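Hi there,

Please have a look when you get a moment.

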Amino acid sequence: MRKAQLKKYAKLIVKTGLNVKKGQTVFVAAGLDQPDFITMVVEECYKAGASEVFVEWSHQPVSKLNAQYRTLESLSHLTPWEKAKWEFKANNYSCRLFIESSDPDGMNGVDQEKMSKARQATYPEIKPFRQQMENRHQWCIAAVPGKAWAKKVFPSLSESKAVEAMWQAILHASRADSKNPIKAWKEHNSDFRARCDYLNGLGLKYLEYKSANGTDLTVELLPDGVFTGGIEKTLKGRAFNPNIPTEEVFTSPKAGGAEGIVYSSKPLSYMGELIDNFSLRFENGKVVEVKAEQGEALLQKMVSMDEGAGKLGECALIPYDSPINQSGVLFYNTLFDENACCHFAVGHGFNECLKGFEKMTDEEIKARGINDSMIHVDFMIGTADMSIVGIKENGERVQIFKNGGWAF
Ligand code: ZN
């Protein structure tokens, strides 16, 4: 990939993604895959006025060895060093950037049972730090090609050609392959704004999903719920784009308000394994039955992780002809694949999808109907013929999606 274009991408991540301002501190988490690009990002951060940029490097094969050799007991607590790091991160950095590049198969062979138990055990220790940072930090996730990831996506190409093809795919999906990516994102963000304003003005009570594959699901929305997309804001009002790319307009539905059945339209990669051709049946908002041609036991385990794992945390609306879906590339990575078409997530919802959340405690937010869980797993349900009808309190129906795309 041409260096000039990569510089534009680095600038997009720093200016539009994080929106780094003078005097801010930036924490960057990155793999060892594209150190030259990370260097460009760090330089853009300083050019934008950052006072300190810290890069925490990781290497997936090392993470794998830790997962394999450490005992469940050892993995079940944060070490004092890890705890101090979380604390320092929460208190001292105002921007956090995650650069994704890992191999989707890189953790294969790791005992998933052990890892999910360890995650359950450490979650209460990590949760307060996460909560402290939520809506206070600007953050962004973007991606660069790792060699193994590129080979997985483009198996027929040589390693160097696969990496190049992957750069192109990432930049195209991220609307970063044009002359002026920052301008392209301004337009993208204003399109999100207009759609969210329209949806929020309708005062919808339900979304009714229908598709020829059998999907027939009614999802209840929160009376104070909001649709959002693109730009998010910190409590202090600083704008940032948490995901590059993003194509979704989304909301968190009412936990406990879904009836019917939904069929997957793409395979789901969960804990390094594939769950394919599956359905979830909901009663009173909770999954009561799962079926899958592949990975049914894992799917069952996923929705049983905790009380909220079998309830919806997100409804995302994405036209079936999104750039990612049109490219036909399967990235084996949620950041990209979730932007291909409409999806739901089971597990925790988003506080910012509730009006006035800033003044509420976690208990209040939960009581208002935002789902709470240790997991948040997206799965694709969008089809070319998908219809979504919004239903108002008085029964009035508004077509939201028609033939897989926006109806307005
Ligand atoms: Zn989503």
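This is a predicted model: local features need pLDDT of at least 70, side-chain atom pairs count only at pLDDT 80 or more; totals for chains, interfaces and linings use all residues.

Residues are numbered from 1 along each chain as its sequence is written, and side-chain values use heavy atoms, with hydrogens and water left out.

The whole structure has 21 salt bridges (a side-chain nitrogen of Lys or Arg within 4 Å of a carboxyl oxygen of Asp or Glu). One of them pairs R195 with D191, with 3.5 Å between the closest N and O atoms. Both residues sit in helix α9 (residues 181-202), 4 residues apart, about one turn of the helix (helices are DSSP runs of H or I, at least four residues, and strands are runs of E, at least two, numbered from the N terminus). R195 is buried at 17% relative accessible area, while D191 is partly exposed at 37% (buried is under 20%, exposed over 50%, partly exposed in between, with a 1.4 Å probe and protein chains only).

D197 and R193 form another salt bridge, at 3.1 Å between the closest N and O atoms. Here D197 is partly exposed at 44%, and R193 is partly exposed at 41%.

E307 and K286 also meet in a salt bridge, 3.8 Å from N to O. This pair links distant parts of the chain, 21 residues apart: E307 is in the loop between α10 (296-303) and β15 (312-317), and K286 is in strand β14 (residues 286-294).

Best wishes
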